[in-house]
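Good morning, colleagues. May I ask you to look at the structure on the screen while I take you through a few of its parts.

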Amino acid sequence: MLPQPYNFLTSTSVIPVMVIERETDAVPMAQALVAGGIKVLEITLRTPCALAAIKAISDAVPDAHVGAGTVCNSDDFAAAVDAGARFIVSPGQSDALFNQSIASNIPLLPGAVTATEVMRAAEAGFKVLKFFPASTSGGAAAIKAFAGPFSDISFVPTGGIGPKNLMEYLDLPNVQAAGGSWMLPKDKVQVGDWQAVTQLSREACELSNVKELTQ
Ligand code: 3PG
């Protein structure tokens with residue numbers, strides 16, 4: 001069972017990792033993902049317009065559950081929450097981020113790919129962890145192996161995941177959801193082909209629904 005602030009993750013099996021280069025793309029991109037069935041969105045703080053994009057999507061796409069990714073320090077955490085982020089994802093972990101999540105009651109998915117990092121996050125009270133970069137950190141096999149010693153920890157892997165290997169991750173009971181950018185191909189985003197994004201979003205949902213139906 002997920003800790004209460006992480007309940008939003010039960011509504012999705014895939015989380016798009018959004019890198020938004022143009023502020024004007026933010027709302028149509030989010031609408032395209034939501035139209036395909038993906039409602040939990042991670043907007044990475046990697047571009048100058050990322051905070052404005054979080055605000056715009058939070059204001060204009062009420063069906064979306066918006067979070068911020070690539071949050072590496074306290075200032076970014078605070079700015080993302082101010083802009084409207086309802087959850088925070090970090091590629092790694094720090095005491096400052098742990099403390100800020102606990103103090104603000106904003107759920108944090110800290111990154112962990114080693115046993116020591118998993119233990120450190122768990123000791124701070126964090127049981128839902130980002131596993132990044134998944135493909136070069138042992139992939140699904142590594143997460144499967146963590147189920148033995150860390151039976152109460154769930155993972156959200158990202159990095160190198162796409163339609164071909166998505167189910168390797170989602171089939172694992174200790175994977176809560178998988179993230180990635182495959183439903184936002186750069187060439188489609190560049191020309192504003194939002195129908196293509198909706199179609200890829202729909203296909204990702206259909207793949208993951210198969211998982212839900214067979215469980
Ligand atoms: C990231 O943080 O960049 C994500 O892990 C996305 O990785 P991907 O582009 O390989 O899906």
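This is a predicted model: local features need pLDDT of at least 70, side-chain atom pairs count only at pLDDT 80 or more; totals for chains, interfaces and linings use all residues.

Where is Pro133 found? Pro133 belongs to the loop that runs between strand E6 and helix H6, the helix of residues 139-146. The peptide bond leading from Phe132 into Pro133 is cis, and its omega is near -5 degrees.

Is Ala134 buried or exposed? Its relative accessible area is 0%, and because buried means under 20%, Ala134 counts as buried. Beyond its neighbours within four places in sequence, Ala134 is in contact with Gly139, Pro157, Thr158, Gly159, Ile161 and Tyr169. For a sense of distance, consider Thr12, which is 122 residues away from Ala134 along the chain; the two C-alpha atoms are separated by 19 Å.

Asp59, by comparison, stands 72 residues from Phe131 in sequence, and their C-alpha atoms are 30 Å apart in space.

The next topic is the ligand. The ligand sits in the largest pocket. Around the ligand are Val17, Arg46, Phe132, Thr158, Gly159, Gly160, Gly180 and Ser181.

In the side chain of Arg46, an N or O atom is 2.6 Å from an oxygen atom of the ligand. A polar backbone atom of Gly160 is 2.8 Å from a ligand oxygen. For Gly159, a backbone N or O atom lies 3.1 Å from an oxygen atom of the ligand. Taken alone, the ligand would expose 310 Å², and the protein buries 77% of that area.

Let me move to Gln93. This residue is found in the loop between strand E4, residues 88-89, and helix H4, residues 95-104. What lies 3.0 Å from a polar atom of the Gln93 side chain? The backbone oxygen of Gly111 does. The backbone oxygen of Glu117 is likewise placed 3.1 Å from a polar atom of that side chain. With neighbours within four places left aside, Gln93 is in contact with Phe98, Pro110, Gly111, Ala112, Glu117, Arg120 and Ala121.

Finally, I would draw your attention to two backbone angles. Thr70 is not a glycine, yet its phi is positive, at about 55 degrees. Thr70 is placed in the loop between strand E3, residues 65-69, and helix H3, residues 74-83. Asn105, another residue other than glycine, has a positive phi near 60 degrees. Its place is the loop between H4 and strand E5, residues 108-109. With a relative accessibility of 57%, Asn105 counts as exposed.

Thank you for your attention.

Conventions
Residues are numbered from 1 along each chain as its sequence is written. Side-chain values use heavy atoms; hydrogens and water are left out. A residue is near a molecule or strand if one of its heavy atoms lies within 4 Å of it. A polar contact is a pair of N or O atoms within 3.5 Å; within protein, one must be able to donate a hydrogen and the other to accept it, and residues adjacent in sequence count only if both atoms are side-chain atoms. Accessible areas come from the Shrake-Rupley method with a 1.4 Å probe; for residues, only the protein chains shown count as cover. On a 1 Å grid over the protein atoms alone, a cavity is a set of points where a 1.4 Å probe fits but cannot get out, and a pocket is an open set with protein on both sides within 12 Å along at least five of seven lines; lining residues have an atom within 4 Å of a point. A molecule sits in a cavity or pocket if more than half of its atoms lie within 2 Å of its grid points. Helices (H or I, at least four residues) and strands (E, at least two) are DSSP runs, numbered from the N terminus. Contact means heavy atoms within 4.5 Å. Buried means under 20% relative accessible area, exposed over 50%, partly exposed in between (1.4 Å probe, protein chains only).
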